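Visitor: I'd like a quick walk through this one. Where do we start?

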Amino acid sequence: QVQLVESGGGLVQPGGSLRLSCVASRRISTFDKMDWYRQAPGKERERVARISDSGTYYADSVNGRFTISRDDAKRTLYLQMNSLKPEDTAVYYCHAQRRVSIEADVEYWGQGTQVTVSS
């Protein structure tokens with residue numbers, strides 16, 4: 001079973017910073033792409049950042065403030081979040097996908113970590 005475990009969430013004031021980590025139980029180089037999603041109460045789950053062989057991508061709402069990166073040796077995906085706003089408050093989820101055949105992909109989700117931005 002492949003597991004993704006997020007950590008690093010917490011309470012931070014507006015303008016503050018936080019770094020989320022996602023540790024995988026297998027080499028992350030085996031994933032075709034990895035993402036950070038978030039879901040706020042009453043809202044749909046939203047992809048905020050992606051890293052793949054095509055590069056990195058960010059949602060307009062976080063572009064310029066968030067940075068996605070990975071450390072293959074540590075099997076860890078990161079999300080550095082700067083200049084945090086109250087609207088960034090959500091549960092953040094790590095997501096990974098890999099192609100297992102020409103017909104199928106496999107997706108994995110972490111359990112999520114709560115980020116609360118409030119004064």
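Guide: With a definition: two strands pair if DSSP finds at least two bridges between them. Strands themselves are DSSP runs (E, at least two residues), numbered from the N terminus. By that rule, β4 and β9 pair in the antiparallel sense over 7 bridges.

Visitor: Before we go on, what kind of model is it, and how are things counted?

Guide: This is a predicted model: local features need pLDDT of at least 70, side-chain atom pairs count only at pLDDT 80 or more, and totals for chains, interfaces and linings use all residues. Residues are numbered from 1 along each chain as its sequence is written, and side-chain values use heavy atoms, with hydrogens and water left out.

Visitor: How many bridges join β4 and β5?

Guide: 6 bridges, again in the antiparallel sense. Lys-33 has Ser-52 as its bridge partner in β5.

Visitor: And what's in the hairpin of β4 and β5?

Guide: There are 6 residues between the strands. Gly-42 takes a positive phi near 75 degrees in that hairpin.

Visitor: Is β4 mostly covered or mostly open?

Guide: Mostly covered: 5 of its 7 residues are buried. Buried means under 20% relative accessible area, exposed over 50%, and partly exposed in between (1.4 Å probe, protein chains only).

Visitor: Why does Ser-52 count as buried?

Guide: Because its relative accessible area is 15%. Ser-52 is in strand β5, residues 46-52. Leaving aside neighbours within four places in sequence, Ser-52 is in contact with Asp-32, Lys-33 and Tyr-57. Contact means heavy atoms within 4.5 Å.

Visitor: New topic. How many disulfides?

Guide: The count comes to 1 disulfide, where a disulfide is a pair of cysteine sulfur atoms within 2.5 Å. It joins Cys-22 to Cys-94, with S to S at 2.1 Å. Cys-22 lies in strand β3 and Cys-94 in strand β9 (residues 90-99), so the pair ties together parts that are 72 residues apart in sequence.

Visitor: Left-handed or right-handed?

Guide: Left-handed, with -75 degrees about the S-S bond.

Visitor: Are Cys-22 and Cys-94 buried or exposed?

Guide: Cys-22 is buried, and so is Cys-94.

Visitor: What order do the strands take in the open sheet of 4?

Guide: The order is β1-β3-β8-β7, with antiparallel pairing. β1 (4-7) and β7 (66-71) stand at the edges with a single partner strand each, so one side of each is left without a neighbour in the sheet.

Visitor: What joins β3 to β8?

Guide: 6 bridges join β3 to β8 (residues 76-81), and the two run antiparallel. Ser-21 stands opposite Tyr-78 in β8.

Visitor: Where's Arg-19, and what does it touch?

Guide: Arg-19 is in strand β3. Not counting residues up to four places away in sequence, Arg-19 touches Ser-7, Gly-8, Tyr-78, Leu-79 and Gln-80. Arg-19 is partly exposed, with a relative accessible area of 47%.

Visitor: Now the aromatics. How many pairs?

Guide: The structure holds 3 aromatic pairs. Rings of Phe, Tyr and Trp (its six-membered ring) pair if their centres lie within 6.5 Å; planes under 30 degrees apart count as stacked, over 60 as edge-to-face and the rest as tilted. Phe-31 and Tyr-108 form an edge-to-face pair, 5.8 Å centre to centre with 65 degrees between the planes. The pair links distant parts of the chain: Phe-31 sits in the loop between β3 (18-24) and β4 (33-39), Tyr-108 in strand β10 (residues 105-109), 77 residues apart. Phe-31 is buried, and so is Tyr-108.

Visitor: Which residues form the aromatic cluster?

Guide: Tyr-37, Tyr-93 and Trp-109 form one cluster. Arg-45 lies over the face of Tyr-93, at 3.9 Å from the ring centre. The charged end of Arg-45 also sits over the ring of Trp-109, 4.8 Å from its centre. A charge sits over a ring if NZ of Lys or CZ of Arg is within 6 Å of the ring centre and within 35 degrees of the ring normal.
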